[in-house]
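Please open the model in your viewer and keep a selection panel at hand. The tour below goes from one selection to the next and says what is found at each stop.

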Amino acid sequence: MRVAVTGAGGRLGRALISALESSPYTGPSGPLAWSRPEFDLDAPDAFEALVERDRPEVIVHAAAWTDVDGCAREPELALARNGGATGVLARAAAEHGIDLIVVSTNEVFDGRRIDGVGYGPADAPAPINPYGASKLAGEEAARAAYEEAAVPAAALGIVRTAWLFGPPGDDFPAKILAAADRARASGDPLRLVADEWGSPTGAPDLAEAIVELVGSAAVDGTHHIVNSGVASRADWAREVLRQARVDVPTEDVPASTWQRASTPPAWAVLAPTPLPGGEPLRPWTAALADRMPALLRQRSRAATAGRP
Ligand SMILES: NC(=O)c1ccc[n+]([C@@H]2O[C@H](COP(=O)([O-])OP(=O)(O)OC[C@H]3O[C@@H](n4cnc5c(N)ncnc54)[C@H](OP(=O)(O)O)[C@@H]3O)[C@@H](O)[C@H]2O)c1
C-alpha cells in the first residue's frame, strides 16, 4: 500500500513515517514523506501535481499551521493554511479515489463543558479561537470534497487528537523541565496552569493508531484518538517532574495569569473512539515514561552547554 504523509518533518509526521516504516503493508519502498517545500500549505496549487506524480493509495494529512497564537494574530492566513489548503488536497485526493485521513484537533470544541465528560464525535464543534476555527474549516472542506466527488471507492477519516507530545524537543514536557530549571535558579516557584484540562497524547502512540486505521480499512468517519486519562496542565507538569525526579516548588495559577493572543478551550478533553483492534490507547503517563529518557538526555545536554 502506498501511503503518503504530509507534514512529514513535524512531530506527528515523523512518528507516522517511523510507524509506517515498520508496518507490514507499506511495501519495500516505504511511506512517501511529503515535507516542505514539496508540500507547503502556502502553495496548494502544487498538490494536484504531487498526487499525480506519486499516486498514493492513502494520504495522512498531518501538516498544519499549529502555532495557535500565530493563528490568532493572522486568522486569514490560518484559514488559508488549515482550511483552504486542506480542501485543495481533499479535492485532489477524492478525484483520484485516494483514501484521506485529515488530522484535526480538540480545539474545534469550545471547552465549556462542565459535566466532566470528554467530547465525542456527536458533540457539536464550536471553536473559540482562530486555530480551532481554521481546523474545523479544514474538516468541513474535506467532507465537502468527498461528498461532491464522483469516486465512491475512497474513504475520508477525520482524526481528532489533543495535547501531543514527542520529539522534536520543544514539546510541553521539555518546556516544563526547562522552566523548572529556570525556576530553581531564580528561587521562584514554578507556576502551573490548573484550570485547563486535556488528553495528553504521545505522538508515537497516535501514529501507531492511525497506521492501525489505515491497515484495517476502517478509515471512514470521525475518530477521537488520545491516550487514556485526563489531566490539567498542572497535573501533566507534575507528572513530568515526578518521572524526571526533579524537585522544585510549584504554585497553581489560572490560565489568565499569562496574556495570550489565543484563548485555549478550558475543558479540552476528548472521549476516545474505538480502534479497529478493540484496545484503547494506554494511559498517557505510560507514553510519557517512554518519552522520558530522550527528555533527560536533552536536559543534560542543555545543562552542559550552559556551563562556563
Ligand atoms: N501539537 C498538538 O498538540 C496537536 C493537538 C491536536 C491536533 N494537532 C494536529 O496534529 C497535526 C500534527 O501536529 P504536529 O504537532 O505534528 O505539528 P508540527 O510539529 O507543527 O508539524 C506541522 C507540520 O506542518 C508542516 N507545514 C507545511 N507547510 C506549512 C506552512 N506553510 N506553515 C506551517 N507549517 C507547515 C510543517 O513543516 P516544517 O516541518 O517544515 O515546519 C510541519 O512538518 C496537525 O494537523 C495539528 O493541527 C496537534
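**First stop: Arg299**

Select Arg299, which counts as partly exposed because its relative accessibility is 25%. This is a predicted model, as should be kept in mind at every later stop. Arg299 has its place in helix H9, and if residues up to four places away in sequence are set aside, Arg299 touches Leu177, Asp181, Arg184 and Val246. For a sense of scale, draw a distance from Arg299 to Ser216: the two are 83 residues apart in sequence, and their C-alpha atoms are 39 Å apart in space.

**The nonpolar cores**

Next, select Ile176, Leu177, Leu190, Trp236, Val240 and Leu241, the residues with the most contacts inside the largest nonpolar core, which has 35 residues. The elements that give two or more residues to this core are helix H6 (172-186), strand S7 (190-193), helix H8 (233-244), strand S13 (267-268) and helix H9 (284-306), and H6, with seven residues, gives the most. At least three residues of this core come from each of domain 1 (3-164 + 199-224) and domain 2 (172-197 + 229-268 + 283-301). Centre the view on Val240 which, leaving aside neighbours within four places in sequence, is in contact with Pro173, Ile176, Leu177, Leu288 and Met292. A second, separate core of 28 residues can then be picked out through Ala62, Leu206, Ile210 and Val211, which it includes.

**Between the domains**

Now colour the model by the two domains, domain 1 and domain 2, of the domain assignment; their C-alpha centres lie 27 Å apart. Across the boundary, 22 residues of domain 1 are in contact with 18 residues of domain 2, and the area buried between them is about 1600 Å², with carbon and sulfur atoms giving 61% of that area. Select Asp69, Trp163 and Pro200, which supply 39% of the area that domain 1 buries against domain 2, more than any other three residues.

Which residue forms a salt bridge with Asp69? The partner is Arg260, with the closest N and O atoms 3.4 Å apart; across the interface of domain 1 and domain 2, one salt bridge is found. The count of residue pairs in polar contact between the two domains is six. Helix H3 (residues 68-73) contributes four residues to the side of domain 1 that touches domain 2, the largest share.

Return to Trp163, in the loop between strand S5 (156-161) and S6, where phi is positive, at about 40°, although the residue is not a glycine. Trp163 counts as buried because its relative accessibility is 9%. Glu196, in the loop between S7 and strand S8 (197-198), is also in contact with Trp163, and its other contacts beyond four places in sequence include Arg233, Ala255 and Pro264. With a relative accessible area of 6%, Glu196 is buried.

**Backbone details**

Most residues other than glycine have a negative phi, and most peptide bonds are trans, so the last selections concern the backbone. Arg55, in the loop between H2 and strand S3 (58-61), has a positive phi near 45° and counts as partly exposed at 48% relative accessibility. A cis peptide bond joins Arg36 and Pro37, with omega about -5°, and Pro37 is found in the loop between strand S2 (32-34) and helix H2 (47-54). Finish at Pro167 and Pro168, which are also joined by a cis peptide bond, with omega about 0°; Pro168 has its place in the loop between strand S6 (164-165) and H6.

Note on methods:
Residues are numbered from 1 along each chain as its sequence is written. This is a predicted model: local features need pLDDT of at least 70, side-chain atom pairs count only at pLDDT 80 or more; totals for chains, interfaces and linings use all residues. Side-chain values use heavy atoms; hydrogens and water are left out. A nonpolar core is a set of buried Ala, Val, Leu, Ile, Met, Phe, Trp, Tyr and Cys residues joined through side-chain atoms within 4.5 Å. Buried means under 20% relative accessible area, exposed over 50%, partly exposed in between (1.4 Å probe, protein chains only). Domain bounds come from an automatic or database domain assignment. Contact means heavy atoms within 4.5 Å. Buried area is the accessible area (1.4 Å probe) that two parts lose on being put together, summed over both. A salt bridge is a side-chain nitrogen of Lys or Arg within 4 Å of a carboxyl oxygen of Asp or Glu. A polar contact is a pair of N or O atoms within 3.5 Å; within protein, one must be able to donate a hydrogen and the other to accept it, and residues adjacent in sequence count only if both atoms are side-chain atoms.
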